[in-house]
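Here are my notes on the model you sent over. Have it open while you read.

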Amino acid sequence: MALRMWASSTANALRISCTAKASLSPAFSLSRCFSTVLDGLKYASSHEWVKHEGSVATIGITDHAQDHLGEVVFVELPEPGGSVSKGGSFGAVESVKATSDVNSPISGEIVEVNSKLSETPGLINSSPYEDGWMIKVKPSSPSELESLMGPKEYTKFCEEEDAAH
Amino acid sequence: MSTISQARSIGLPLMNIVRFKGAPILHQLYLEEQLLRTSSENWCVINDGTNIPTIVMGISGKPSELLEVRSVLQDQVPVVRRFSGGGTVIVDHGTLFVTFICNKNAVPGVQPYPQPIMSWSSTLYNEVFQGIGHFHLRENDYVFGNRKFGGNAQSITKNRWVHHTSFLWDYEARNMAYLKLPMRTPKYRLARDHEEFVCRMKDFLSREAFIDRTLKAVGTQFSVRPIQSEASSVPHDATFQHSTTMLTKQELEAALPSQSETYELQRF
């Protein structure tokens with residue numbers, strides 16, 4: 001995980017994409033923050049990301065969050081068909097000795113849940129933006145996405161949060 | 001309160017202190033989760049022993065992996081799955097509990113993540129145990145030297161967190177037989193069995209001294225307000241949806257090894 005973060009921050013400095021998908025790339029140099037922040041996503045102040053594609057939004061926790069939480073050993077997720085509210089908790093991750101709520105950045109209906117996480121919760125650490133996705137939601141108020149942070153804002157937010165502590 | 005201590009407490013965040021003696025651990029956990037999710041104040045809950053020996057697992061605990069289920073069922077030991085993370089303990093009248101439930105902004109410089117909260121707790125307990133044993137935080141445990149006497153667990157929401165500790169003031173060695181050796185153990189445990197790994201806090205200080213010292217340490221960071229446990233400010237909402245549960249006999253029986261598994265074990 002440390003090697004991956006070093007590689008991603010180096011790639012950021014060289015403006016090289018860290019991911020296989022051309023549509024997702026590291027936004028910019030992160031000289032002080034060693035977590036990856038991807039372009040094309042929106043971010044919540046509670047460190048969840050949203051990727052809106054068509055009628056579905058995919059949600060997970062950010063690289064910054066997984067790094068601060070430590071090794072994830074258990075993931076509690078809702079059932080498909082339920083609903084989420086913006087800012088409300090929809091599940092939890094267990095890492096080390098702690099359970100930590102995961103909050104939804106947007107409101108909507110849960111259409112799919114990542115079942116791989118029950119067997120392999122560590123995907124959240126190794127691939128927070130791809131294989132470690134948590135739920136897919138049909139947004140009920142797409143305008144909620146506009147109030148979320150973009151990559152630059154979120155990176156600055158992380159840096160300020162870390163600097164303040 | 002003296003003028004000096006009054007002046008010192010001005011500007012410090014308020015910490016409500018609720019004390020119990022021998023309260024059932026299930027009730028303590030119910031209260032803690034309700035305070036975490038429905039209160040906006042800071043709380044310190046102290047329970048001096050619990051009345052019935054009870055096994056308490058973390059949120060993801062599986063009885064088949066963690067417990068000697070046949071013995072647990074035979075001896076009718078209650079088993080609770082708590083709302084926080086972490087490992088499995090068996091608690092009784094010799095266990096002292098101290099829990100902090102805080103707004104994330106109440107403790108400056110502490111981000112609401114496991115390691116910063118754990119580190120903050122160790123600075124508080126450094127004060128409690130100053131001059132006693134060789135106290136420190138080792139991985140996620142409180143130790144004297146290299147022997148564990150306090151285990152920790154946490155639950156973190158968007159704006160608040162719980163850090164709770166069970167302290168082994170005393171324990172019954174025979175109760176440990178209900179627990180299997182967990183798959184995840186701290187590195188510093190090495191290959192030590194239970195008797196070599198843990199120690200009893202009573203060999204270092206009395207229960208009263210520990211509680212007094214803890215309250216004094218809390219008072220250096222917070223303005224302390226004792227609250228009666230029956231007070232209306234302590235929530236007792238029967239409609240609150242608790243995550244902590246007491247496992248049923250059926251759930252425990254389902255965790256027993258099957259006939260064929262038992263035969264395979266016996267063959268070896």
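The points below go from confidence to chain A and then chain B.

1. Ground rules. This is a predicted model, in which local features need pLDDT of at least 70 and side-chain atom pairs count only at pLDDT 80 or more, while totals for chains, interfaces and linings use all residues. Residues are numbered from 1 along each chain as its sequence is written, chains are lettered from A and ligands numbered from 1 in the order in which they are written, and side-chain values use heavy atoms, with hydrogens and water left out.

2. Confidence in chain A. The average pLDDT (the predictor's confidence in each residue, from 0 to 100) is 85 for chain A, and 79% of the residues score at least 70. Go carefully with residues 1–23 of chain A, where pLDDT stays under 50. The model gives that stretch 32 contacts beyond four places in sequence, a contact being heavy atoms within 4.5 Å. Residues 28–33 of chain A are also below 50, with 16 contacts beyond near neighbours in sequence.

3. The annotated domain. UniProt, in an unreviewed entry, puts "domain: Lipoyl-binding" at residues 56–138 of chain A; positions are in the numbering used here, feature names are shortened, and annotations may be inferred rather than shown by experiment. The span is 18% helix and 43% strand, and its end C-alpha atoms lie 5 Å apart. Helices (H or I, at least four residues) and strands (E, at least two) are DSSP runs, numbered from the N terminus.

4. The sheet in chain A. Six strands make an open sheet in the order β1-β2-β3-β9-β8-β5, with antiparallel pairing; two strands pair if DSSP finds at least two bridges between them. At the edges sit β1 (42–43) and β5 (83–84) of chain A, each pairing on one side only. Further in, β3 (residues 56–61) and β9 (residues 135–139) of chain A share three bridges, and Ile59(A) has Ile135(A) as its bridge partner.

5. A hairpin in chain B. Strands β7 (residues 135–138) and β8 (residues 141–144) of chain B run antiparallel, joined by four bridges. Arg138(B) stands opposite Asp141(B). Two residues lie between the strands, and Glu139(B) has a positive phi near 55 degrees.

6. Helix α7 of chain B. Which residues of α7(B) are buried? They are Arg207(B), Phe210(B), Ile211(B), Thr214(B), Ala217(B) and Val218(B), buried meaning under 20% relative accessible area, exposed over 50%, and partly exposed in between (1.4 Å probe, protein chains only). Because they cover an arc of only 125 degrees around the axis, they are on the same side of α7(B); the arc is that of the directions from the helix axis to the C-beta atoms. Glu208(B) and Lys216(B) are exposed on the other side. Among the elements covering the buried residues are β1 (14–22) and α5 (114–128) of chain B.
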